[in-house]
Amino acid sequence: MIVQNVILLMGVFIILMVCGVPIAFSLSISAMVTALATGQFQATAIVHRMIGNSSSYTLLAIPFFILAAKLMNTGGITRRIFRCCSAWVGWIPGGLGHANVLASIVFSGMSGSAVADAGGLGQIEVDAMIDEGFDPDFAAGVTAASATIGPIIPPSIPMVVYGMMTEVSVGALFIAGIVPGLVLALATSVLVFIMAKKRHYPVHKFNLHEALSSTKHALLSLLTPVLIIGGIWTGVFSPTEAACVASIYAFFLSVIVYREMTLKQVCKEIRQAVADSAGILVIICGAAAFSWLVTMMGMTSALSTALTSLTSNKYIMLLILNIAFLIIGMFMEALAVMTITIPFLIPLMTSFGINAVHLGVVLVLNLMIGLCTPPVGTSLFICAKTAKITIEQMYKAILPFLVPLVLVLLLITYVPGIVTWLPTVLGMI
């Protein structure tokens, strides 16, 4: 009976996806159809599960981080950050490529979204690199790869969802992502250096006056991640409250200090943030219904038992999980994957003694790699459009950058101290 129910559930879901139904509706409709067809589950239970997951206090962080990113992209904050980064690292072979990575580190401390990084900051980065003589495909590849840093260095929208579902401290997850994010940036910069030397890309002559001047103009913008991470670290505010602080600070800089946005433009960005947040919430609700039904049918425990019978080695299990998520992430939206699969992961974490914070960072990086992996990586389409290259050129451009991304993924998987050291030192885990 379990097998028949699972076949029905997955069959309806796959048919809907093939027919082009949005993933959020494919998940919820397949769950509802299965519940009604089998008669074993109340349809009202599906609805209650969807509503229950959407009413989490932690999820309030998502719309505010999205709004903060939009205000920063429109209000001149990201432009000042990139100019400052370019002035300080533009002299290194690879020049603006390194500035691209460094700017992503700073911006990731504000937005928590890889797509926001690729779509907002990415436009500024790609245009500047092409104007300096970099190949469009290289500029797009660097931008897509560096955007994966966004959800690793705090704040992080995917980590908010993971923490909410696993009841793990979101603050601990945020702090745990700092060191892996920096390692990821370093690995990407090494590749940029090698490719730049090979292709003889231009570099800037270091100008101390320009560096100090750009830092002065960007100082208030550069303080944003310090404000957010410092506030969470010291316990002044929670991660959810940090999202509100980020939005207020972005509004303050864009409208009052820099005066590059009008209240009418702010209202426009708020409407867009609401629309984007609603889309994410629908995905979370649909995935919650789907994953609840999978759990109630006994599929989670059955799969957990099957995987446990394959191996008792924690490191082999982590390899299996990484391969599975890399493949799934190539075809599905990251938040949907997380919401569906986390119920499977909870018993595995218990069985194999895997630290929940460690697995959370590994999972998020894995799925962020999916955003810049063919065939349907969102960052690839955004960066291809920005650089005015074909998607086929984009697929080829991203391939070299997948090497450092996957290597860092394996590194943090098998050296968990890279993830857990900082939150342990701070007494958060």
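The lining of the second largest pocket divides into 18 nonpolar residues, 1 polar residue and no charged ones; Ala, Val, Leu, Ile, Met, Phe, Trp, Tyr, Cys and Pro count as nonpolar, Asp, Glu, Lys and Arg as charged, and the others, Gly among them, as polar. The model is predicted, and local features need pLDDT of at least 70, while totals for linings use all residues. Residues are numbered from 1 along each chain as its sequence is written.

This pocket holds about 370 Å³ of space. Of its 19 lining residues, Leu303, Ile328, Ile340, Thr341 and Phe344 are the closest to its centre. A pocket is an open set of points on a 1 Å grid over the protein atoms alone, where a 1.4 Å probe fits, with protein on both sides within 12 Å along at least five of seven lines; lining residues have an atom within 4 Å of a point. The volume is the space filled by probe spheres set on the points.

Each helix in the table supplies at least two lining residues. Helices are DSSP runs (H or I, at least four residues), numbered from the N terminus.

| Helix | Residues |
|---|---|
| Helix 1 | 2–18 |
| Helix 14 | 263–296 |
| Helix 15 | 299–310 |
| Helix 16 | 314–329 |
| Helix 17 | 334–352 |

Helix 17 gives the most, with 6 residues. Residues of helix 9, among them Pro158 and Tyr162, meet residues of helix 17, including Leu335 and Met349; contact means heavy atoms within 4.5 Å. By class, this contact has 10 nonpolar, 2 polar and no charged residues.

Methods
This is a predicted model: local features need pLDDT of at least 70, side-chain atom pairs count only at pLDDT 80 or more; totals for chains, interfaces and linings use all residues. Side-chain values use heavy atoms; hydrogens and water are left out.
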